[in-house]
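Please examine the sequence and the three-dimensional structure shown below.

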Amino acid sequence: MHDTALIATVAVGFVLAFGFGYLADRLRLPPLVGYLVAGILCGPFTPGFDADIHLAQQLAEMGVILLMFGVGLHFSAADLMAVRGIAILGAVGQIVIATLLGVGLAHLWGWSLGAGLVFGLALSVASTVVLLKALEERSLLETPNGRVAVGWLIVEDLAMVVALVLLPALAEMLGGHAVGAAAGHAAPAPEGPLALTLAITLGKVAAFAVLAIALGPKVVPWLLTQVARTGSRELFTLSVLAVALGIAYGSAQIFGVSFALGAFFAGVVLSESRFSHRAAAQSLPLQDAFAVLFFVSVGMLFDPSIVVREPLALLAVVALVVLAKPLTALAIVLLLRYPLGMALTVAASLAQIGEFSFILIGLGMGLGLLPAEGRDLVLAAALISITLNPLAFAVAELIQKRWLARRGGDGPVYGHHRYEVLEHDIAVIRHRSEEREAARELETQALVEMFPVLALVDKRAQEELVLLFRPRSASPGDRIIRRGDRANGMYFLSSGTVEVLAAGRTIRLAAGSFFGEMALLSGARRNADVTAVDFCQLLFLDRRDFNLFMTRHPAVRAAVNDMADQRRAMNQHPDDTDDGPPDERTADEPDAPALGHAPRA
């Protein structure tokens, strides 16, 4: 009988995650709670099915890579810059204070400094997944308060990425050990003085970052453009995953940085391309699937007996997460002189811990820094804090309503000036982003308006055609098509005028016309000369792309065939009854062919 441990682990994990995730959603809790519970039930600490935890951990690594890729893909430098004045100072200050509190608790329990550092960092960072869901449910995501909360967590995520890089280099000094392939987090730390070790580690990270930033925006969009031109949905999805996993694995093997950091940079590089939305949409199902397995595998590591064995320690950890950390954030926002409403939203957003906490404790365990008890306390605190997070938002809303009622609405609100400045900055950046999106849409819209035949396909196909087009230009007198040549493509005339000489007649075509499709459809050689009359801008669709696009869109092919039939009939029975000379017509004359109609070319 074949070994089915992998299939069993995945199948049982998905089934239990679906069941408990659905139950959690019905109870108005984040599905993440259900995924963790599913992991607990198929883990070694509970009776029943015992999943292969080693296989689960490898699947979890895939989940970490895709989670970090998603974080990078949705990373917006513009959004972060809009709220940098509060998000950067606030997040860094809150991380430092929360980490120190975690180190203090660890010291009381007799843990090492390294254990306390990992423990405190894990408790200092909130879950982006939980935050986004909470903000969306309350329609706060697009508000200044929601933007600040998201920017705050972006800074936290970036700080944790740095922590993932530095912890392996500092592990031995902090009481742990260096690891290589274990958990796929880092290469072995180089031997030598700490300063040299840090310098080498940061040097590798810097080299990787420079290479990714310098080459990534050129290579990755070009590669995806070539793949998108094929029109294959599955090939495009595969290319996105290949970029994410390839950069993650390559960065770990060549530069010795973590899989997580490589995947994050892959997402950041891709986020700046025109394919970011499409890449996110088409890779999201796989990201979600492996993210679920990641949370299930984390749940497998949890020993529920910690609730009975260490109730006071668990209570202290939960209090740090749901009380101390939010109150710290509340105080920081108010000290920066922003309104109470914003402070309360940020505080409620941070009253939980999630995915980065799990990644950190996994790294801490792999480095020998964190005891199993610390892992169990963090996992238990995550379950409890995520479950209580809706209550945190409800309390924040209640406090704000009562405070506003007590004020009676008279006089300026505390921090209103800074709030207005922030609101203006966010509006400016949002307007720029909308302008970029509008420019892309206008490009497609202008194309459709100029060539109405393209209105026969949907918006996605129109955008796909924009990728297939190759810009060409011609000066007065340039021969664009020569009689007798083999057909290599079709031309769309964006601006200028061309002259078509065929069957002893000369016809002029203006912007909005297309030509050269007859020979592509018939397979014959060119039957006309086409010359630029003035400076022309053209869009060229080569033979392969023409055949590919026409095959995928029969309506366009039928329309082009109809026009070709009209041109063929016109060539065979030329209409010379017009008032103009028979050897010269323009597209503006009454008897001239309709848009794009020209003699066979």
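Arg309 is partly exposed, with a relative accessible area of 45%; here buried means under 20% relative accessible area, exposed over 50%, and partly exposed in between, using a 1.4 Å probe and protein chains only. The model is a predicted one, in which local features need pLDDT of at least 70 and side-chain atom pairs count only at pLDDT 80 or more, while totals for chains, interfaces and linings use all residues. Residues are numbered from 1 along each chain as its sequence is written, and side-chain values use heavy atoms, with hydrogens and water left out.

The side chain of Arg309 meets that of Asp376 in a salt bridge, at 3.8 Å from N to O. A salt bridge is defined as a side-chain nitrogen of Lys or Arg within 4 Å of a carboxyl oxygen of Asp or Glu. Because Asp376 lies in helix α17 (residues 372-407) and Arg309 in helix α13 (residues 306-309), this pair ties together parts that are 67 residues apart in sequence. Helices are DSSP runs of H or I with at least four residues, strands are runs of E with at least two, and both are numbered from the N terminus. In contrast to the partly exposed Arg309, Asp376 is buried, with a relative accessible area of 3%.

Asp376 also takes part in a salt bridge with Arg375, at 3.5 Å from N to O, and both of these residues are buried. A network of salt bridges links Asp303, Arg309, Arg375 and Asp376. Across the whole structure, the search finds eight salt bridges.

Another salt bridge joins Asp529 and Arg479, whose closest N and O atoms are 3.6 Å apart. This pair links distant parts of the chain, with Asp529 in strand β7 (residues 529-532) and Arg479 in strand β2 (residues 479-481), 50 residues apart. Asp529 is buried at a relative accessible area of 14%, whereas Arg479 is partly exposed at 40%.

Attention may now turn to the helices. The axes of helix α1 (residues 5-26) and helix α3 (residues 53-73) come within 10 Å and cross at roughly 65°. Such axes are lines fitted to C-alpha atoms, for helices over the stretch in contact, and the angles run from 0 to 180 degrees between N-to-C directions. The crossing of α1 and α3 is right-handed, a term for a near helix turned clockwise from the far one by less than a right angle. Ala5, Leu6, Thr9 and Val10 in α1 meet Leu55, Ala56 and Leu59 in α3, where contact means heavy atoms within 4.5 Å.

Helix α15 (residues 340-349) is largely enclosed by the rest of the structure, because 10 of its 10 residues are buried. Among them are Leu340, Met342, Val346 and Ser349.

Aromatic rings form a further theme. Rings of Phe, Tyr and Trp (its six-membered ring) pair if their centres lie within 6.5 Å; planes under 30 degrees apart count as stacked, over 60 as edge-to-face and the rest as tilted. By this rule the structure holds 10 aromatic pairs. The rings of Trp109 and Phe119 have centres 5.8 Å apart and planes at 70°, so they form an edge-to-face pair. Trp109 lies in the loop between α5 (84-108) and α6 (113-124), and Phe119 in helix α6, 10 residues apart. Trp109 is partly exposed at 28% relative accessibility, whereas Phe119 is buried at 0%. Elsewhere, Tyr35, Phe295 and Phe358 form one aromatic cluster.
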